[in-house]
Amino acid sequence: NGVCANNTIQLCFAQDMGTVLITVVNTSLGETWYCSAESSNGVVVIDFEPTPGNYTITIETQTAGTYYGEFML
């Protein structure tokens with residue numbers, strides 16, 4: 001589950017996924033943001049500078065594989 005607001009993306013995890021590596025890409029402009037965080041508290045917040053466009057997000061976990069998503073601002 002994720003929420004985008006106030007120059008952040010907040011990801012909520014139902015269980016501890018260990019360390020997660022997150023990549024957010026604005027596919028319209030090629031801008032990329034990276035984040036590495038511990039998911040044990042159930043929430044990871046990513047700071048980024050959003051501009052209108054199409055985005056992809058990749059979440060690589062230690063315990064549950066890799067997840068991929070898309071969103072538009």
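In which sense do strand β3 and strand β6 pair, and over how many bridges? Strand β3 (residues 19-26) and strand β6 (residues 54-61) run antiparallel to one another and are joined over seven bridges; two strands are said to pair if DSSP finds at least two bridges between them.

## Basis of the model

This is a predicted model, in which local features need pLDDT of at least 70 and side-chain atom pairs count only at pLDDT 80 or more, whereas totals for chains, interfaces and linings use all residues. Residues are numbered from 1 along each chain as its sequence is written, and side-chain values use heavy atoms, with hydrogens and water left out.

## Overall architecture

The chain contains seven strands and zero helices, giving the order β-β-β-β-β-β-β along the sequence. Its radius of gyration is 12 Å, close to the 11 Å that the globule rule gives for 73 residues, so the chain is as compact as a globular protein of that length. The radius is taken over C-alpha atoms, and the rule is 2.2 Å times the number of residues to the power 0.38. Helices (H or I, at least four residues) and strands (E, at least two) are DSSP runs, numbered from the N terminus.

Along its principal axes, the C-alpha trace spans about 30 × 20 × 15 Å. The accessible surface comes to about 4,400 Å², of which carbon and sulfur atoms contribute 51%; areas come from the Shrake-Rupley method with a 1.4 Å probe, and for residues only the protein chains shown count as cover. Of the 73 residues, 36% are buried (buried means under 20% relative accessible area, exposed over 50%, partly exposed in between; 1.4 Å probe, protein chains only). Among contacts (heavy atoms within 4.5 Å) between residues at least 6 apart in sequence, 48% join residues at least 24 apart.

## Strand pairing and hairpins

Strand β3 has two partners described here. With β4, strand β3 pairs in the antiparallel sense over eight bridges, and Thr23 has Tyr34 as its bridge partner. β3 and β4 form a hairpin with four residues between them, and Gly30 in the turn has a positive phi of about 85°.

Strand β6 also pairs with strand β7 (residues 66-72), in the antiparallel sense and over seven bridges. Here Thr58 stands opposite Tyr68. This pair, too, is a hairpin with four residues between its strands, and Gly65 in the turn has a positive phi of about 90°.

## The nonpolar core

The largest nonpolar core has 16 residues, and those with the most contacts inside it are Leu11, Ile22, Val24, Val44 and Ile46. Two or more residues come from each of β2 (8-12), β3, β4 (31-38), β5 (43-47) and β6. Such a core is a set of buried Ala, Val, Leu, Ile, Met, Phe, Trp, Tyr and Cys residues joined through side-chain atoms within 4.5 Å. In soluble globular proteins, nonpolar side chains tend to be buried together.

## Selected residues

Asn26 belongs to strand β3 and counts as buried, at 0% relative accessibility. Its side chain reaches the backbone nitrogen of Leu29 at 3.1 Å, and a polar contact of 3.2 Å joins the side chains of Asn26 and Tyr55. A polar contact is a pair of N or O atoms within 3.5 Å; within protein, one must be able to donate a hydrogen and the other to accept it, and residues adjacent in sequence count only if both atoms are side-chain atoms. Leaving aside neighbours within four places in sequence, the residues in contact with Asn26 include Glu31, Trp33 and Pro52.

Thr56, in strand β6, is buried at 14% relative accessibility. Beyond four places in sequence, its contacts include Val24, Val25 and Tyr68. Tyr34, in strand β4, counts as exposed at 66% relative accessibility. Beyond four places in sequence, Tyr34 is in contact with Ile22 and Thr23; the C-alpha atoms of Tyr34 and Ile22 are 5.7 Å apart, although the two residues are twelve apart in sequence.

Gly42 lies in the loop between β4 and β5 and is buried, at 14% relative accessibility. Gly42 and Gly30 are likewise twelve residues apart in sequence, yet 29 Å apart in space, C-alpha to C-alpha. Beyond four places in sequence, Gly42 is in contact with Leu11, Cys12 and Phe13.
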